[in-house]
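I opened the model to look up a few local features and note them here. The entries follow the order in which I checked them.

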Amino acid sequence: MSKKNSALGESGIYDARVLGAPKVAVLGLQHMFAMFGSTILVPVLTGLDVSATLFFAGIGTLLFHFLTKRNVPAFLGSSFAFLAGYHAIAGNPMEGTLQKNLLPYACFGVACAGLLYLLLALLIKLFGTKRVMKFFPPVVTGPIIIAIGLTLSQTAIDSCSSDWLIALVAIVLIIVCNIWGRGMLKIVPIIVGVIGSYLLAVILQRVDFSSVANAAWIGFPIHWKETVFWAFGDGNLSMLLTSVITIMPIALATIVEHVGDISAISSTVGKNYIKDPGLHRTLLGDGLATIAASLFGAPANTTYGENTGVLSLTKVFDPMVIRLAACFAILFSFCPKFAAVIGCMPSATVGGVSLVLYGMISAVGVRNVVESRCDFSKSRNVIIAALILVLSIGIKYSAAGAIAFTVGSATISLSGLAVGALVGIILNAVLPGKDYVFSEEEPRDTGVNFAVMNKEKD
């Protein structure tokens with residue numbers, strides 16, 4: 001029997017333990033590059049540090065595996081769901097409105113959002129999955145996800161407008177890879193779009209690499225003034241409270257994303273990870289990874305659909321390969337010169353990728369509502385969805401851009417997403433006619449994933 005065939009386990013699944021170190025290393029690199037394009041795009045879109053992002057993507061993944069008994073083959077990369085929250089607090093680098101000193105405050109809000117994961121994990125442990133998840137029906141989470149993409153849409157168009165040729169190359173490459181790509185090309189359309197568009201900009205001499213020449217080859221990925229601990233020392237209580245109230249409700253969407261991804265991994269691997277090791281453990285791992293990353297100036301983490309696609313493609317489901325990819329990400333994080341190359345990326349390249357990405361966010365929100373068969377013949381469901389959408393988008397594009405009020409000496413601003421989410425949750429809780437039942441016996445892909453362009457399924 002050949003070595004390749006001897007590595008096959010039951011149902012044609014490869015056993016990483018007998019594939020050999022070289023092949024396992026290649027598989028680990030493949031998983032790292034699958035998450036790479038989406039993960040590094042988040043710091044570009046927010047102004048956060050690329051090196052810290054990669055470092056905590058690796059650390060967060062290892063922490064997640066430890067808390068889930070090293071059984072779930074999931075990689076944790078940067079979450080796009082919180083982009084609107086970062087922009088509401090600190091401004092948008094693509095629009096030239098970024099106030100970098102406010103990013104630690106936004107990170108504090110994201111860290112508090114991570115606490116909701118921990119609270120939900122505790123409630124699930126105490127009361128069971130079904131009783132807790134009934135408060136997060138698709139009629140609430142779907143419109144929130146749709147609103148996230150729509151509130152970001154103007155930014156993408158503005159960035160594309162700086163150089164439509166460069167932007168269109170990124171858009172076309174993403175579409176081609178997503179529709180006609182095969183193998184890994186179909187799983188990594190974002191990184192293909194970024195590289196192709198970036199190379200064209202270099203050829204046309206539209207990129208300034210002066211910062212790359214000045215960057216060191218080796219450096220520490222964590223910087224004190226970009227951490228939440230620096231924000232505590234700065235002591236702007238109003239901004240801290242505003243960040244918490246603005247960003248925490250977004251966790252409702254990312255929690256649904258998490259459940260969808262764990263369901264997709266369960267379907268791909270053929271094991272019910274929602275029951276064992278349990279949704280409470282996977283939420284705990286994702287939540288703690290998000291808290292740790294945010295405290296030290298990195299984006300929120302989330303389980304990545306791209307890596308689920310790689311699992312389906314390779315049939316190697318051993319979580320050890322994912323942990324190896326995490327180690328590679330940590331290794332890359334100690335190279336400031338690499339981070340500088342990412343920082344030189346043209347805004348039109350980012351705009352082209354973002355245009356597709358933000359649309360995909362809204363699209364998966366629609367898919368979430370459709371696949372869950374949300375009944376819009378019921379007035380309660382129409383009212384809930386309508387108010388979430390109108391409040392989220394209307395407040396965002398109003399003259400003030402937020403709803404502000406004063407509590408004592410602190411002025412607090414609520415973003416449209418925060419208002420929409422809170423109203424949706426309250427209405428769903430008080431209005432009669434609830435019809436959503438969460439099933440942990442047959443986990444299925446809910447279609448909620450903010451990073452992946454196309455999920456490969458077995």
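I began with Ile-175, which is found in helix H8, residues 164-180. Helices here are DSSP runs of H or I with at least four residues, strands are runs of E with at least two, and both are numbered from the N terminus. The model is predicted, so local features need pLDDT of at least 70 and side-chain atom pairs count only at pLDDT 80 or more, while totals for chains, interfaces and linings use all residues. Residues are numbered from 1 along each chain as its sequence is written, and side-chain values use heavy atoms, with hydrogens and water left out.

The classes are buried under 20% relative accessible area, exposed over 50%, and partly exposed in between, with a 1.4 Å probe and protein chains only.

I then looked up the surface patch around this residue. Val-172, Ile-175, Val-176, Ile-179 and Trp-180 form a nonpolar patch, and their accessible area together is about 490 Å². Patch members have over 30% relative accessible area and no salt bridge; like charges are joined within 9 Å, and nonpolar side chains (Val, Leu, Ile, Met, Phe, Trp, Tyr) within 5 Å. The areas come from the Shrake-Rupley method with a 1.4 Å probe, and for residues only the protein chains shown count as cover.

Next I turned to salt bridges. Side chains of opposite charge can pair when their charged atoms come close. The criterion is a side-chain nitrogen of Lys or Arg within 4 Å of a carboxyl oxygen of Asp or Glu. How many salt bridges does the structure hold? I noted two.

One of them pairs Arg-206 with Asp-163, with the closest N and O atoms 2.5 Å apart. This pair links distant parts of the chain, 43 residues apart: Arg-206 is in the loop between H10 and H11, and Asp-163 is in the loop between H7 and H8. Arg-206 is partly exposed at 43% relative accessible area, whereas Asp-163 is buried at 17%.

Glu-371 forms a salt bridge with Arg-367, and here the closest N and O atoms are 3.0 Å apart. Both residues lie in helix H19, four residues apart, about one turn of the helix. Glu-371 is partly exposed at 33% relative accessibility, and Arg-367 is partly exposed at 31%.

I also checked the backbone. A cis peptide bond joins Asp-276 and Pro-277, with omega about 15°. Pro-277 is found in helix H15, residues 274-295.

Which value does phi take at Gln-205? Phi is near 60°, a positive value in a residue other than glycine. Gln-205 sits in the loop between helix H10 (189-203) and helix H11 (210-214), and counts as exposed at 73% relative accessibility. Arg-373 also has a positive phi, near 55°. Arg-373 lies in the loop between helix H19 (347-371) and H20 and is exposed, with a relative accessible area of 75%.

The largest pocket came next. Rolling a probe the size of a water molecule over the atoms shows where empty space is left. On a 1 Å grid over the protein atoms alone, a pocket is an open set of points with protein on both sides within 12 Å along at least five of seven lines, whereas a cavity is a set where a 1.4 Å probe fits but cannot get out; lining residues have an atom within 4 Å of a point. I noted a volume of about 590 Å³ for the largest pocket. Volume is the space filled by probe spheres set on the points, which are joined across faces, edges and corners.

The lining has 30 residues, and Ala-84, His-87, Ala-88, Lys-396 and Gly-401 lie nearest the pocket centre. The elements that each supply at least two lining residues include helix H4 (83-90), helix H20 (379-396) and strand E4 (410-414). By type, the lining divides into 11 nonpolar, 16 polar and three charged residues. Ala, Val, Leu, Ile, Met, Phe, Trp, Tyr, Cys and Pro count as nonpolar, Asp, Glu, Lys and Arg as charged, and the others, Gly among them, as polar.

Last, I looked up one C-alpha distance. Lys-134 and Asp-435 are 301 residues apart in sequence and 9.0 Å apart in space, C-alpha to C-alpha. Lys-134 is in the loop between helix H6 (129-133) and H7.
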